[in-house]
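Hi,

Here is the structure I promised to pass on. Have a look at it first, and my notes come after.

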Amino acid sequence: MSWRNIGVVYRKELTDSLRDRRTVMSMVLVPILLMPMLTIGAGVVSVLMFGKAMQETPTVMIIGGEDSPRVLAQLLQLSDIAVVPTRPDYAEEISNKQIRAAVEIPRGFDAAIEHGEVPTVRIYLYQGELRSVFGADRLQRFFSGLRDRVISQRLAARQLPENLIQPFRIEQKNVASAEKVSGATIGGLMPSFIIILCLSGAMYPAMDLTAGEKERGTIETILSSPVSRVHLVVGKFFMVFTAALFTALLAMASLGLTFAAGKSMLAGTPQLNDFDFTAGISVRALAAMFVMIIPLAVLFSAALLAISLFAKNYREAQSYLSPLTIIVMLPAIVSVLPGVELNAPLSLIPVLNTSLVSKEIVSGTYHWGYMLLIFVSSCFYAAIALWVAIRLFQKESVLFRT
Amino acid sequence: MIEADKLSKQFRDSHRGTIRAVNAVSFRCQPGRVYGLLGANGAGKTTTLRTLATILKPSEGTARVAGYDILRDPEKVRANIGFLSTATALYGRLSAKEMVEYFGHLFGMDGETLRRRVETLFARLEVDFPDRRCDSLSTGMKQKVSIARTLVHDPPVMIFDEPTSGLDVMSARTIVGFIRECREQGKTVLFSTHVMSEAEKLCDTIGIIHGGCLKTEGTLAELRARSGLQDLEDIFVRTVAS
């Protein structure tokens with residue numbers, strides 16, 4: 001193996017690729033811009049959406065209650081709901097988002113309460129629709145309050161203490177660190193994005209260095225030089241690998257900086273429950289994640305090279321690589337699903353394993369055994385992909401496919 | 001020196017089955033002489049030259065180029081040839097100088113030797129645009145850079161595959177002049193063409209190839225004497241038809 005020749009090929013490919021606008025875009029601009037956009041952008045959008053939904057006075061329909069003037073009057077006095085005239089198609093109106101919720105007061109509600117009966121109040125909502133849930137929530141709060149007041153009156157009438165119906169209280173207390181809480185919330189998503197960016201960063205150089213060479217007619221030029229095909233493909237591989245790793249590194253740096261910026265921006269603002277955005281991701285976690293991504297970057301680079309080498313031109317390479325993006329995105333998405341936890345069999349599935357272990361790392365949990373298993377298995381897959389790429393580079397039917 | 005010995009090359013095609021592009025071709029090119037492979041499109045010229053340049057592996061037979069066997073020492077063969085064809089394009093995003101230097105490095109040249117060699121070549125070929133990117137060059141300029149690329153390591157053997165195909169008159173003249181220069185320097189020159197006038201002007205020996213087989217070879221005078229015809233085109237047509 002002549003490292004000198006590999007170095008010559010690598011340096012040329014690096015110079016050449018850095019002058020390619022598409023490669024620079026996918027390697028530098030996308031990871032730098034995407035991370036802040038995804039974190040801050042998504043955060044701002046969701047806060048705005050939530051805020052707007054919370055500020056809105058939900059339109060509510062009251063069904064029945066004509067014989068219960070007391071509860072009806074209290075409902076009509078509520079300032080945080082807007083009562084609209086009753087119509088029989090309330091369910092359809094909720095589904096069509098014309099009104100947010102409806103409440104059905106059973107016949108003789110006021111009298112039933114006075115007589116100690118247990119009437120049922122029904123609240124109709126569009127489950128999963130934020131504004132409808134907020135509307136239903138306000139109705140729920142009103143009736144819960146009314147129930148508490150009725151209980152208090154009944155206890156007072158019988159001269160009984162309030163603690164009769166509340167013998168003890170229940171409190172939930174979070175024991176996970178702020179890093180773990182924020183990691184579990186955002187950690188699932190971010191490693192997946194970094195993995196996808198690692199692939200996309202390597203995609204353009206891989207196509208340019210293989211199918212692009214065929215299309216531009218330089219493949220015959222380079223094959224007429226004395227450099228061996230093994231050295232040539234290894235030199236090209238190192239360039240693609242550099243792009244993959246550099247993109248992942250930039251994405252991580254961008255992620256770290258986004259959280260650092262978030263920390264200073266949110267300094268002094270009250271925390272939302274135990275979720276501390278500013279706890280963010282530690283440098284240690286980013287470093288560990290980077291180490292775990294290295295064999296995956298080798299796998300991506302070699303696979304991309306091998307597939308795009310098979311293509312006759314750039315366009316064909318793009319059509320071959322598009323399904324690969326989906327194949328990589330699938331395990332990355334699966335890793336985010338609730339209940340998908342890292343275990344020994346999943347540690348052997350490429351991409352999914354790195355995505356899952358990165359999720360754990362970001363939340364501050366280091367499963368050293370699994371990390372070793374994932375690193376070794378990823379190295380194994382990467383070696384196979386590299387071997388295939390080298391073999392394909394020796395095949396005339398692939399190099400001169402017409 | 002190039003010595004082809006029963007060189008054959010087969011391809012497998014999913015539609016047409018096995019194609020015998022080159023069939024037991026044997027010939028010899030001497031240093032200081034130009035050997036022209038004359039043939040129609042699809043006759044097997046490009047495959048023969050690509051096999052000799054070790055870009056393709058022969059299915060049967062072998063050849064020795066500059067003293068090295070194409071099967072045993074393909075890298076040494078490539079280190080001793082300059083290969084130029086219309087398919088050997090330049091890297092568009094590299095400058096003319098970077099392009100030639102890249103190949104110099106691949107041929108094991110470094111530092112001052114390479115720098116001086118590139119300067120000499122550019123001066124001789126009148127490449128006064130060393131820092132311009134190759135994708136911004138005219139066809140003629142690109143040809144000059146390609147010639148510099150093939151000569152950077154001063155190879156004893158030159159292989160040209162239809163080097164003037166698709167070029168304008170001026171660019172084609174540059175190439176023809178360059179081939180003559182190579183002969184004068186004592187290099188072994190093998191080139192393929194389907195242009196009769198070019199073969200007549202340049203070749204010391206002409207080999208007529210058709211259907212992957214070398215039908216006949218000799219100097220122009222020998223071919224004329226053998227066929228009783230004067231015009232190379234007539235000789236070519238009769239040879240191919242026979």
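Below are my notes on some salt bridges and on one leucine.

Keep in mind that this is a predicted model. Searching the whole structure turns up 29 salt bridges over all chains. Here are a few of them.

Within chain A, A:K12 pairs with A:D16, and their closest N and O atoms are 3.0 Å apart. Both sit in helix α1 (residues 3-18), 4 residues apart, or about one turn of the helix. A:K12 and A:D16 are both buried.

Another bridge joins A:R19 to B:E98, with the closest N and O atoms 2.7 Å apart. That pair crosses between chains: A:R19 is in the loop between α1 and α2 (21-55) of chain A, while B:E98 belongs to helix α3 (residues 96-106) of chain B. A:R19 has a relative accessible area of 32%, so it counts as partly exposed, and B:E98 is partly exposed too, at 25%.

Then there is A:E93 with A:R87, 2.5 Å from N to O. Here A:E93 is buried at 6% relative accessibility, whereas A:R87 is partly exposed at 35%. Salt bridges with shared partners also build one network, whose members include A:K12, A:D16, A:R216 and B:R93.

Now the leucine. A:L348 lies in the loop between α13 (314-334) and α14 (352-362) of chain A, and is partly exposed at 41% relative accessibility. Beyond its neighbours within four places in sequence, A:L348 touches A:N353, A:L373, A:S377 and A:Y381.

Cheers

Key: Residues numbered from 1 in each chain as written. Chains lettered and ligands numbered in written order. Predicted model: local features only at pLDDT ≥ 70, side-chain atom pairs only at ≥ 80, totals over all residues. Heavy atoms only, no water. Helix = DSSP H or I, 4+ residues; strand = E, 2+ residues; numbered from the N terminus. Buried < 20%, exposed > 50% of the residue type's maximum accessible area, 1.4 Å probe, protein only. Contact = heavy atoms within 4.5 Å. Salt bridge = Lys/Arg side-chain N within 4 Å of Asp/Glu carboxyl O.
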